[in-house]
Amino acid sequence: MPDPTVSTATVIAADYFRSYSVVGLLAVLGVLFVAVAFGAGRLLRPVVPTPEKLLTYECGVDPVGEGWAHTQVRYYVYAFLYVIFAVDSIFLFPWATVFAAAGYGATTLVEMFIFLGFLAVGLLYAYKKGVLEWT
């Protein structure tokens, strides 16, 4: 028989926090596991620094010259445009499955044309700014 001095809200709150205590415990265990792994690695690894080990290593080639390299921004712009359109194409697949469902056709069609309109405006803006010109 339930205790009349304990309210229902208290029981619900206790159940709520008990379920999150499991999540908190798992998070603490995960952090401890990572800390122990890093600590064991630091204690067990050999530490013998030599000048050769402290050099910058790139593909087996000895470093020559300064370490500052200029990279043109257009490569990043193309990568950024690719990521945008790759992510947008991912949104087309769930849309295609919902579009086939009964009762959602017209709504999802209008939403997708709005979505594709935003993409077209972004692509037109990039074209007008000359971002897509490879010089």
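Helices are DSSP runs of H or I with at least four residues, and strands are runs of E with at least two, numbered from the N terminus. The model is predicted, with local features requiring pLDDT of at least 70 and side-chain atom pairs pLDDT 80 or more, while totals for chains, interfaces and linings use all residues. Residues are numbered from 1 along each chain as its sequence is written, and side-chain values use heavy atoms, without hydrogens and water.

**View 1. Segments annotated as "transmembrane region" in an unreviewed UniProt entry.** Residues 20-44 are 100% helix and 0% strand, with end C-alpha atoms 36 Å apart. Residues 75-96 are likewise 100% helix and 0% strand, and their end C-alpha atoms lie 32 Å apart.

**View 2. Contact of H2 with H3.** The axes (lines fitted to C-alpha atoms over the stretch in contact, with angles from 0 to 180 degrees between N-to-C directions) come within 10 Å and cross at roughly 170°. H2 and H3 are therefore roughly antiparallel (angles over 145 degrees). In contact (heavy atoms within 4.5 Å), residues of H2 including Phe-91 and Trp-95 meet residues of H3 including Met-112 and Phe-115. The contact residues comprise 13 nonpolar, two polar and one charged (Ala, Val, Leu, Ile, Met, Phe, Trp, Tyr, Cys and Pro are nonpolar; Asp, Glu, Lys and Arg charged; the others, Gly among them, polar).

Technical notes. Angles under 35 degrees count as roughly parallel, over 145 as roughly antiparallel, 65 to 115 as roughly perpendicular and the rest as oblique. UniProt positions are given in the numbering used here, feature names are shortened, and annotations may be inferred rather than shown by experiment.
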